[in-house]
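Here are my notes on this one, point by point. Keep the viewer open while you read.

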Amino acid sequence: QVQLVESGGGWVQAGGSLRLSCAASGSRFITNMGWYRQAPGQQRELVATISSGGSTNYADSVKGRFTISRDNAKNTVYLQMSSLKPEDTAVYYCNAIIFGMPYWGKGTLVTVSS
């Protein structure tokens, strides 16, 4: 059974940094991994994705501030978030694509205060 477990969320002041981690277990056949977020009253949106080969894609709102990376040997994806803004406040969800099927973590809350 595939499981994604996020960690690293929390509270930070605007301008600060946080690093999220997501460890996947239950399968070695993971292609894309990524992070999505959902703010209160908003739809879930893409933050960043990374392929097994290291190709990355970012939402315009986080380009230059967030960096996604992954360790294929550990089936772990990271999101380094810097220059955080109050509008980055959301529940951040890890995503992994395995044999074309999406799997989701339970989410980790990031709160950025002004």
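1. Start with β9 (90-98) and β11 (108-113): these two strands pair in the antiparallel sense over three bridges. Within that pairing, V91 sits opposite L109 in β11. Strands here are DSSP runs of E, at least two residues long, and helices are runs of H or I of at least four residues, numbered from the N terminus; two strands count as paired if DSSP finds at least two bridges between them. β11 also pairs with strand β2 (residues 10-13), this time parallel, through four bridges. W11 is opposite T111 in β11.

2. A word on what you're looking at. This is a predicted model, where local features need pLDDT of at least 70 and side-chain atom pairs count only at pLDDT 80 or more, while totals for chains, interfaces and linings use all residues. Residues are numbered from 1 along each chain as its sequence is written, and side-chain values use heavy atoms, with hydrogens and water left out.

3. Now the open sheet. It has four strands in the order β1-β3-β8-β7, with antiparallel pairing. β1 (3-7) and β7 stand at the edges with a single partner strand each, so one side of each has no neighbour in the sheet. From one strand to the next, the twist averages 15° (axes are lines fitted to C-alpha atoms, for helices over the stretch in contact, and angles run from 0 to 180 degrees between N-to-C directions).

4. Have a look at β8 (76-81) in that sheet. Six bridges join β7 to β8, and six bridges join β3 to β8; both pairs run antiparallel. T76 in β8 is opposite D71 and also opposite A23, while M81 in β8 has F66 opposite. β7 and β8 form a hairpin with four residues between them, and N75 in the turn has a positive phi of about 50°. Is β8 mostly covered or mostly open? It is mostly covered, with five of its six residues buried. Buried means under 20% relative accessible area, exposed means over 50%, and partly exposed is in between (1.4 Å probe, protein chains only).

5. Which residues have the most contacts inside the largest nonpolar core? They are W35, L79, M81 and Y92, in a core of 29 residues. Such a core is a set of buried Ala, Val, Leu, Ile, Met, Phe, Trp, Tyr and Cys residues joined through side-chain atoms within 4.5 Å. The elements that give two or more residues to this core include β3 (18-25), β4 (30-38), β5 (45-50) and β7 (66-71). The largest share, five residues, comes from β9.

6. The disulfide count comes to one, where a disulfide is a pair of cysteine sulfur atoms within 2.5 Å. C22 and C94 form it, with their sulfur atoms 2.0 Å apart. C22 lies in strand β3 and C94 in strand β9, so the pair ties together parts that are 72 residues apart in sequence. The torsion about the S-S bond is about -80°, so this disulfide is left-handed. C22 is buried, at a relative accessible area of 0%, and C94 is buried too, at 0%.

7. On to the rings: a search of the whole structure finds two aromatic pairs. Rings of Phe, Tyr and Trp (its six-membered ring) pair if their centres lie within 6.5 Å; planes under 30 degrees apart count as stacked, over 60 as edge-to-face and the rest as tilted. F29 and F99 form a tilted pair, 5.4 Å centre to centre with 35° between the planes. F29 is in the loop between β3 and β4, and F99 is in the loop between β9 and β10 (101-104), 70 residues apart. F99 is exposed, with a relative accessible area of 66%. Y36 and W104 form an edge-to-face pair, 5.0 Å centre to centre with 70° between the planes. Y36 is in strand β4 and W104 in strand β10, 68 residues apart.

8. Please check two arginines as well. R44 lies over the face of W104, at 4.6 Å from the ring centre, and W104 itself is partly exposed, with a relative accessible area of 37%. R19 lies over the face of Y78, at 4.1 Å from the ring centre. The rule here is that a charge sits over a ring if NZ of Lys or CZ of Arg is within 6 Å of the ring centre and within 35 degrees of the ring normal.
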